[in-house]
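Biologist: I would like to learn how to read a structural model feature by feature, beginning with the fold of a chain and ending with single residues. Could you take me through it with care?

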Amino acid sequence: MKAGNEGQAITGMAGNNITGSGEKPQTLLGADELVLNMGPQHPSTHGVLRVKLKLDGERVIGSECMIGYLHRGVEKIAEHRSYQQFAPYVDRMDYVAAVSNGLGYCEAIEKLLMVEAPPRARVIRTILTELQRIASHLLWLGTHALDIGALTPLFYCFREREEVLKIFEKYCGARLTTHAFRIGGLQYEAYDTLEKDVERFCKAFEPRIKDYEDLLTGNRIWLGRTKGVGILSAKDAIALGATGPVLRASGVKWDIRKAMPYAAYDQYKFEIPVGTTGDTYDRYMVRMEEMRQSRLICLQAIENIPSGPIMAKVGKVLKPPPGEVYHAIEAPKGELGYYVVSDGTVQPYRVRIRPPSFVNLQSFDYMAKGHLVADVVAIIGTLDIVLGEVDR
Amino acid sequence: MQTPLNNELVGRVRAKFGTALVEAIEDRKQAIVIVESGRLGEVAQYLRDEEKFDLLSDLTAVDWPKREKRFEVVLNLYSFAKNERLRVKVRAGEGEQVPSVAGVWPTANWLEREAFDMFGIIFAGHPNLTRILLPDQWQGYPLRKDYDIIEQDTGWVRENLGIESGQ
């Protein structure tokens with residue numbers, strides 16, 4: 001009973017039983033249990049996540065995630081904006097992967113309108129989205145390693161992420177909440193040196209991934225902290241609805257980019273990395289390989305960017321015919337789905353956002369059971385959640 | 001845009017459940033089946049076990065206050081084996097209970113809590129149907145159409161945040 005005695009210990013501990021009768025005292029919880037609050041202000045919860053841990057000594061026997069601290073009512077806002085006006089809001093959900101959010105939203109509305117973005121726009125979208133995946137994974141890697149105690153990778157990861165953000169800045173003027181795409185295509189033509197910038201980044205990036213791996217992959221402390229921690233079997237991952245790298249690390253070879261291609265993914269060759277045991281180490285390896293694959297997609301895409309228009313013919317006022325559509329993309333964190341219902345007016349009747357982080361976080365309780373308090377930090381990190389998206 | 005759908009899957013569901021399958025439609029090439037609220041549990045079990053829709057991607061609701069049954073609970077399913085999506089819908093009136101599918105797809109646990117939080121739909125048999133994003137004492141269900149965009153629980157805001165509510 002070392003950890004968190006200053007925390008919100010609700011019950012007395014077993015040692016408090018001074019009656020000497022040998023019977024455990026009647027308390028709200030079992031006498032051996034201790035409740036520890038983690039967050040909402042805690043550096044390793046990656047935002048305002050509050051986790052209530054039920055502990056037996058240092059061991060977690062149950063947990064409860066309390067979310068909603070960042071709830072802004074995004075879905076309600078959508079019902080009071082026009083289709084175009086709502087587009088910048090989606091960037092503020094998963095704010096470390098704003099480009100992916102924007103892609104999903106624009107494509108969903110395009111499906112609803114039954115238009116398609118022109119080939120040039122689709123390829124540029126693919127390039128920027130894959131760069132965003134690299135940036136998102138880099139941020140995850142840096143902070144995840146930092147949580148577990150490796151300080152160095154953070155600086156390297158942010159150095160490379162900066163290069164990606166600079167490309168975004170050159171393209172659309174913003175670095176984080178980019179609003180890079182428009183419904184029907186793109187607003188901005190690619191700037192003159194986009195291909196060169198992407199190529200330079202991709203060339204420089206390959207040895208950098210090796211650097212991260214040198215620091216972590218064979219590192220004894222890293223292995224000790226990640227191997228066998230937070231195991232999620234394929235069956236459980238599917239039952240719990242986990243998607244993205246979390247699902248793939250459990251050995252399910254499923255990636256929406258391959259299964260139901262969107263943007264220009266059907267034109268490029270890439271592999272879907274999978275893990276075997278579904279532990280924290282596997283999820284790390286899957287994301288590392290995904291960065292390599294994203295890099296390859298970018299290199300293939302810049303080889304041949306088709307010329308032509310960047311915007312499909314959509315009106316200034318969008319009035320999709322009544323009906324509904326569900327469109328999902330493979331965001332860096334998993335399946336990002338938009339379910340949009342139109343009643344034929346200029347405002348969406350209902351926009352439902354299926355956030356990958358929200359659903360993935362649900363498996364936290366399952367994964368944390370039986371582990372130590374220190375592993376909780378590793379498990380929150382490996383789920384790669386962004387609270388802006390969990391709470392919306 | 002919506003046309004009646006009549007493929008093999010719909011045929012099999014109709015043969016098995018008869019009139020419990022209210023309607024099958026296709027909208028923008030996406031399959032939608034509307035089933036009777038009371039039999040959602042059986043249909044869900046069948047779709048997961050026999051038709052291999054093993055992933056519940058999403059569960060949400062839509063509010064149509066002018067309809068006789070105002071809520072539509074929407075389940076978006078995915079089958080890894082068939083690489084196919086299916087949308088299952090259930091209609092429910094105010095105060096009417098919808099069977100929980102958390103026993104079939106554990107994912108539904110949080111998703112149903114969110115639908116309860118935002119719409120006030122009661123899922124019968126849910127293990128822990130409490131608010132998830134909003135505070136437990138919050139009054140009102142924000143995603144209902146009759147809940148105004150700037151409306152909020154002024155009492156809660158005053159008590160907990162110490163400010164007068166307002167924009």
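**Reading the model step by step**

Modeller: In chain B, residues 24 or more positions apart account for 42% of the contacts with a separation of 6 or more. Please keep in mind throughout that this is a predicted model.

Biologist: What does the secondary structure of chain B come to, and in what order do the elements run from the N terminus?

Modeller: Chain B has four helices and eight strands, and from the N terminus on these elements follow one another as β-α-β-β-α-β-β-β-β-α-β-α. Taken along the principal axes, the C-alpha atoms of chain B fill a box of roughly 60 × 30 × 25 Å, and 37% of the 167 residues in the chain are buried.

Biologist: How many residues of chain B are in contact with chain A, and which elements of chain B give two or more residues to that side?

Modeller: In general, the size of an interface is often given as the accessible area lost when the parts come together. Here we can count residues instead: 29 residues of chain B are in contact with 33 residues of chain A. On the chain B side, the elements that give two or more residues are β4 (55-63), β5 (71-79), β6 (84-92) and α3 (108-119) of chain B, and β4(B) gives the most, with six residues. Sorted by class, this side of chain B has 15 nonpolar, eight polar and six charged residues.

Biologist: How do α4(A) and helix α11 (residues 280-303) of chain A pack?

Modeller: Two packed helices are described by the angle between their axes and the distance between the axes. For α4(A) and α11(A) the angle is about 155° and the axes are 9 Å apart, which means that α4(A) is roughly antiparallel to α11(A). The crossing in which α4(A) passes α11(A) is left-handed. Among the residues that make this contact are I127(A), L131(A), I134(A) and W140(A) of α4(A), together with M291(A), I297(A) and C298(A) of α11(A); by class, the contact has 11 nonpolar, three polar and five charged residues.

Biologist: At what angle do helix α2 (residues 83-90) and helix α3 (residues 98-113) of chain A cross, and which residues make the contact?

Modeller: Their axes come within 8 Å and cross at roughly 155°, so α2(A) is roughly antiparallel to α3(A). The crossing of α2(A) and α3(A) is right-handed. The contact is made by Y83(A), A87(A) and V90(A) of α2(A) and by N101(A), G102(A), Y105(A), C106(A) and I109(A) of α3(A), and these residues divide into six nonpolar, two polar and no charged.

Biologist: Where is R392(A) placed, and is R392(A) buried or exposed?

Modeller: R392(A) is in the segment after α15 (387-391) of chain A, and R392(A) is buried because 25 other C-beta atoms lie within 10 Å. Leaving aside neighbours within four places in sequence, the contacts of R392(A) include H71(A), R72(A), E75(A) and M93(A). R392(A) and R354(A) are 38 residues apart in sequence and 10 Å apart in space, C-alpha to C-alpha.

Terms used
Residues numbered from 1 in each chain as written. Chains lettered and ligands numbered in written order. Predicted model: local features only at pLDDT ≥ 70, side-chain atom pairs only at ≥ 80, totals over all residues. Contact = placed C-beta atoms within 7 Å. Nonpolar A, V, L, I, M, F, W, Y, C, P; charged D, E, K, R; others polar. Buried ≥ 20, exposed ≤ 12 C-beta atoms within 10 Å, placed from the backbone. Axes fitted to C-alpha atoms, helices over the stretch in contact; angles between N-to-C directions. Parallel < 35°, antiparallel > 145°, perpendicular 65-115°, else oblique. Left-handed = near helix turned anticlockwise from the far one by under 90°.
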